Structures are given as structure tokens and as C-alpha cells.
Amino acid sequence: MSHAHKHHIRRSNLKTAIFLNLSFSVFEFIFGLIFNSKMILADAIHDAGDAAVLISMFFVDFFSKKSPTKKFNYGFRRLSVIGAVVTSGLILLGSYQLARYVYYEFVNPHFSPYVNVPGLMAVSVVGVLVNFWSAKKLYGSKNLLDKAIFTHMLEDLLGWIMAFLSSILIWVTGFHQIDRVMSLVILLMVAWSAIDVVVKSVKVLLNSAPSVKEFEKLEQQILALEGVLEIENSHFWSLDGEQNVYTARIFIKKGAKIPDLRKEISKIVANHGVVDSTIEFFEK
């Protein structure tokens, strides 16, 4: 999900991350085919997916600045959820097609050409250098998006270090199927991540509570306020996975000061990511 509402997106860093992921994905597809490395091709799908997610974040940031209309009175933030589902679907499709190809090479080893080990080593070194440079550029930033991208670049860096070590292992042992095994490991990780995004997106579209525990905690804090007796017909759901909405009927003691309670409740719900709340007060 997009994190645009909690901070200002640094468009320069976002554009750099998009360019690196997209260009490196094309680089991987080309050299993965040239060097016959399924490990490189698997990571190409990974980077293409990352680029698609970042592009989605870029456009969501643009649309999030548009004012809500009478027809779209909650704005356009759910475009990020739809984009996440479409992107994840494409990633899963690409992963499935490559997995089928790798399986064919497993069952027909005599028709599987060897991996170009020097080529795999060279691409791994480039992968390490690119991700190290990207991570170094974002290291120490206090911007939340930068931190998220830095963590991801660090994961990619470790992945390419593993690819380099795998190329050495293939060179030493001569067992070229290591490349196929590692490609399947990468594909499983990519698929797991994509499925997780789809599940979370569907929950958002079904207006699921972001967290049952958080929902309970929010209401416990409201009930702890002086003068609050009971909460009925409450709803806690998310617009896009981060911006939340809360509505409720709150029964209070006679004579309780509604303006003061409203102010206290506004503070409480804001701490739970609520950007829009509708509270009805009833004396009991």
C-alpha cells in the first residue's frame, strides 16, 4: 500500500528508484537469456514488479492531491489498492510462466544448456554495486519512504550477494542446477509477497478493520473517557490500507460536555490513522 499520506514523497528519490528497478529489470531479462540463467530471469520479474509498485506510488501521490468530488467524496486513494492487485496479478503470472520453464529444464536435463558462469558472476557483481550505491544514497534519511526503499535495496543487495556465491558454487562443483534451484527460491519469495499484497488489498476492498486489536484498543480508550457509557454501531475501516475511517454512536452521561469529549475522541482516533470520523452523541 502507498504511504503517501504520512509523509511527503521525495519525488527525486522515487524517480531514481523507478529508473533503477526498470532499467535493471530490462538488463536482467537480456543477460538472463544470453547467459541462460534462470536466477537472473527470476530477479528480473522481481525488479519489474518493484518498478510497477513504485510507478503506482508515483501516480497515487499525484491523484491523492486531487480534491474529493461529490461523486468520489473519499477521493481517489483506493486506486492504489486496485493498482496493487493488478500489479501482483501480473507478477504471479510472470512467476508461474518462468517456473513452468524451469520445471521443464528439471525434467529434461539433457536439453538444458549450461549456465554461463562468468556471465552470472558479472551480472551478480553489477547487481551488488547498483544496490549498494542505491542503499548508500538513501542511508540515514529520516523520510519514511526513503527508509522503506532503503530496506528493500538492502534485501536486494543481500540477494545479489547470494547470487554471486551461487555462481562460485556452480563454478567449483560444476552442478549447474543450482541456478535453477535458486531461481525457484526467488520465484517462491516473489509469489508469496504478491499473494500477501492481494490478500491485504481484498481486505481493504471489503472494508475490513485494519486490525481487530487496534479497533478494540481504540474503543477501550474512548470508553475510558469520563462521561462515556457505551459505544454502539461502530465501524473502523480503511480507505487504502493506511488512511482509516471511524464511525460510531456514543452514549454519554447526562450533563457531559460534548465539545470536550469530541476533542478528546478526535485525538484518540487520530493516533490510529483515522482521517475521517463521524460520531453521534446520545445522552443516557
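A residue is called buried when its relative accessible area is under 20%, exposed when that area is over 50%, and partly exposed in between. The model is a predicted one, and the values given here are computed from it. The accessible surface of the protein comes to about 16100 Å², and carbon and sulfur atoms account for 66% of that surface.

The overall plan may be considered next. The protein contains eight helices and three strands.

The C-alpha atoms of Lys-15 and Phe-58 are 8.1 Å apart in space, although 43 residues separate the pair in sequence. Lys-15 has a relative accessible area of 48% and therefore counts as partly exposed.

When neighbours within four places in sequence are left aside, Leu-98 is in contact with Lys-38, Leu-41, Ala-42, Ile-45 and Leu-187.

Ile-170 provides a second example of a residue in the interior. This residue is placed in helix α5. Is Ile-170 buried or exposed? Its relative accessibility is 1%, which is under the limit of 20%, so Ile-170 counts as buried. Not counting residues up to four places away in sequence, Ile-170 touches Val-117, Leu-120, Phe-175, His-176, Ile-178 and Asp-179. Ile-170 can also be compared in position with Val-115: the two are 55 residues apart in sequence, while their C-alpha atoms are 8.7 Å apart in space.

The strands form the next subject. In general, strands of a sheet pair through backbone hydrogen bonds, either parallel or antiparallel. Here, three strands form an open sheet in the order β1-β2-β3, and the pairing is mixed. The edge strands, each pairing on one side only, are β1 (228-238) and β3 (274-283). From one strand to the next, the twist averages 15°. Strand β2, comprising residues 244-252, runs parallel to β3 and is joined to it by nine bridges.

Two helices pack on this sheet. Helix α7, residues 212-223, touches β1, β2 and β3, and its direction makes about 150° with that of β1. Helix α8, residues 258-270, likewise touches β1, β2 and β3. The direction of helix α8 makes about 145° with that of β3.

Charged side chains complete the description. How many salt bridges does a search of the whole structure find? The search finds two.

In one of them, Arg-249 forms a salt bridge with Glu-280, and the closest N and O atoms are 3.8 Å apart. This pair links distant parts of the chain, since Arg-249 is in strand β2 and Glu-280 is in strand β3, 31 residues apart. Glu-280 is also the bridge partner of Arg-249 in β3. Arg-249, at 36% relative accessibility, counts as partly exposed, and Glu-280 is partly exposed with a relative accessible area of 41%.

A salt bridge also joins the side chains of Lys-200 and Asp-196, at a distance of 3.2 Å from N to O. Both residues lie in helix α6, four residues apart, which is about one turn of the helix. Lys-200 has a relative accessible area of 47%, and Asp-196 has a relative accessibility of 34%. Both values fall between 20% and 50%, so Lys-200 and Asp-196 count as partly exposed.

Key:
Residues are numbered from 1 along each chain as its sequence is written. This is a predicted model: local features need pLDDT of at least 70, side-chain atom pairs count only at pLDDT 80 or more; totals for chains, interfaces and linings use all residues. Side-chain values use heavy atoms; hydrogens and water are left out. Contact means heavy atoms within 4.5 Å. Two strands pair if DSSP finds at least two bridges between them. Axes are lines fitted to C-alpha atoms, for helices over the stretch in contact, and angles run from 0 to 180 degrees between N-to-C directions. Accessible areas come from the Shrake-Rupley method with a 1.4 Å probe; for residues, only the protein chains shown count as cover. A salt bridge is a side-chain nitrogen of Lys or Arg within 4 Å of a carboxyl oxygen of Asp or Glu. Buried means under 20% relative accessible area, exposed over 50%, partly exposed in between (1.4 Å probe, protein chains only).
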